[in-house]
Amino acid sequence: MENYLSLFETYDVPAAFWVNIQLSFWAAIFALVIGTVLALFRISPIPSLQWFGAAYVNIFRNTPLTIILAFGFLGLFSVMQVSLAGDLNASLFRIAIVGLALYHAAFVCEAIRSGVNTVPLGQAEAARAIGLGFLPAARLVILPQAFRGAIAPLGNVLIALIKNSTVAAAGSVATESSSLMKTMIEFRSDLVIPIFLTFALGFVILVIPIGLLTTWASRKLAVAR
Amino acid sequence: MSAQQVLFDAPGPRARRVILIGNIVGVLIALAILWWVVAALAERGQLTGSMWSPFLESRTWQFFILPGLLNTLQAAGISIVTAVAFGLVFGVGRLSNLAPVRWIAGTVVEFFRAVPVLLMMIFFWLALGRSGVVQPQDAPFIAVIIALTLYNGSVIAELVRSGVHGLPRGQREAGMAIGLTRSQSLRTIEVPQALVAMLPALVSQFVVILKDSALGFIITYPELLQYTRRLGVGEGNVIPSLLVAATIFIVINFALSTLATRLSVLLSFRAKGQKPVAREALAMDASSS
């Protein structure tokens, strides 16, 4: 037991989780914005935008996140010398956020589209009947209801995003939790299982409340029909 | 609601003009983005012939891409089989009449769905490598399969459960009426029908397995991404190599996704009073890496 507790003196486990939370937080915001715009593209009357939205979703949904984040480090950072901050680590951190956001935006788009599918036909017809064009109808009538219908799938995307933030290891973000777990196991092979269970439990604690919260919210905020 | 048809009216002359202008602007913006990317790549010399010519040589395919793809497909293929088996066992376990069985199966499934696949992979890789149970050089391969099986098996267990819940009640009652026990009725009547209903969702899960097999890159498993990175470092064409690897993944996954959509259209004819299994309705599986 003392052996186990000494781990926390040597390694800063909460700090590693904090990195994952920050990665997830920023990526979630950007993914929500990009995903909403893509969903608007896909339901818009303009063919080129529909096509762009569909192409984006099909490309990013079918690419492994590992490739996207590895590309961020090996391609963007090393070869293209893209720098998003003065400091090397901060730059890698931001590139990982961009990769996570671009990947999850495709799933946000699909979640919102599934939310749009819960809005009854009459709502869109009513919006047209009172003379609203596409954008006002989307903003005032369709999207508010669609977001409420999309809470559960959006929650699932957020949960996947938090778990996937560990893949930032492929983008050389060495401070996040899966990298720390690897280091800890390598140096303390006497405590392999307790170390894994600590990190696993950390994610269970992060993820399960979000699942419960979004399930509760999706029921609470569901449009009564 | 089929948004495509009802969000806007059949366009009149003015709306058609607006759509035409929007269309042109959209194409121009897409072209501008494309141009920006191409120009940036060209500026760093990524589009020269020497960067891409290795992909015209047979040795590139013979020694890098095909072995990598083979390893990826091998890990994914084995994981698909084991994950389906795991999912059937624990899915049926969650439907059991015995409370302890239900409870254990439920805990296992919820736990492995909440833990990131990468954490499991790293754990099994290092733990197996040290334990001496397997040859150290086999540890990454086995770790990839165990981690993919535990996570995706748990998701499939949930698919089985919701598939059985989606069946009309009469199926189970009919089983009971002819004197089957609960597990006999599950095995012979309910699960086979649930499997058909969950087929599209299952195929979509195979896409997740294939994508997640690329996580093996991080634990040194020589899959496609690992091989293409080696190729890229060797030939000095990292970006073209990664783009080729991504394209291969996209083509395979897109084919699988299309198959899933086709299947769900095909199966929608036969479901009578039976709810299809929607992956979106299940927690936390929609977008694993």
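Axes here are lines fitted to C-alpha atoms, for helices over the stretch in contact, and angles run from 0 to 180 degrees between N-to-C directions. This is a predicted model, in which local features need pLDDT of at least 70 and side-chain atom pairs count only at pLDDT 80 or more, while totals for chains, interfaces and linings use all residues. Residues are numbered from 1 along each chain as its sequence is written, and chains are lettered from A and ligands numbered from 1 in the order in which they are written.

**View 1. Chain A as a whole.** Chain A has 10 helices and 0 strands, where helices (H or I, at least four residues) and strands (E, at least two) are DSSP runs numbered from the N terminus. Taken along the principal axes, the C-alpha atoms of chain A fill a box of roughly 70 × 45 × 30 Å. Of the 225 residues in chain A, 50% are buried, a residue being buried if 20 or more other C-beta atoms, placed from the backbone, lie within 10 Å of its own, exposed if 12 or fewer, and partly exposed in between.

**View 2. The crossing of helix 2 and helix 5 in chain A.** The axes of helix 2 (residues 13–43) of chain A and helix 5 (residues 88–116) of chain A come within 6 Å and cross at roughly 45 degrees. Helix 2 of chain A is therefore oblique to helix 5 of chain A, since angles under 35 degrees count as roughly parallel, over 145 as roughly antiparallel, 65 to 115 as roughly perpendicular and the rest as oblique.

**View 3. The side of chain B that touches chain A.** Here 52 residues of chain B are in contact with 62 residues of chain A, two residues being in contact if their C-beta atoms, placed from the backbone, lie within 7 Å. Helix 12 of chain B gives the most to this side, with 10 residues.

**View 4. The largest nonpolar core.** A nonpolar core is a set of buried Ala, Val, Leu, Ile, Met, Phe, Trp, Tyr and Cys residues joined through C-beta atoms within 7 Å, and the largest one has 149 residues. Those with the most contacts inside this core include Ile67(A), Ala96(A) and Met121(B), and helix 5 of chain A gives the most to the core, with 17 residues. Leaving aside its neighbours within four places in sequence, Met121(B) is in contact with Ala143(B), Val144(B), Ala147(B), Leu215(B) and Ile219(B).
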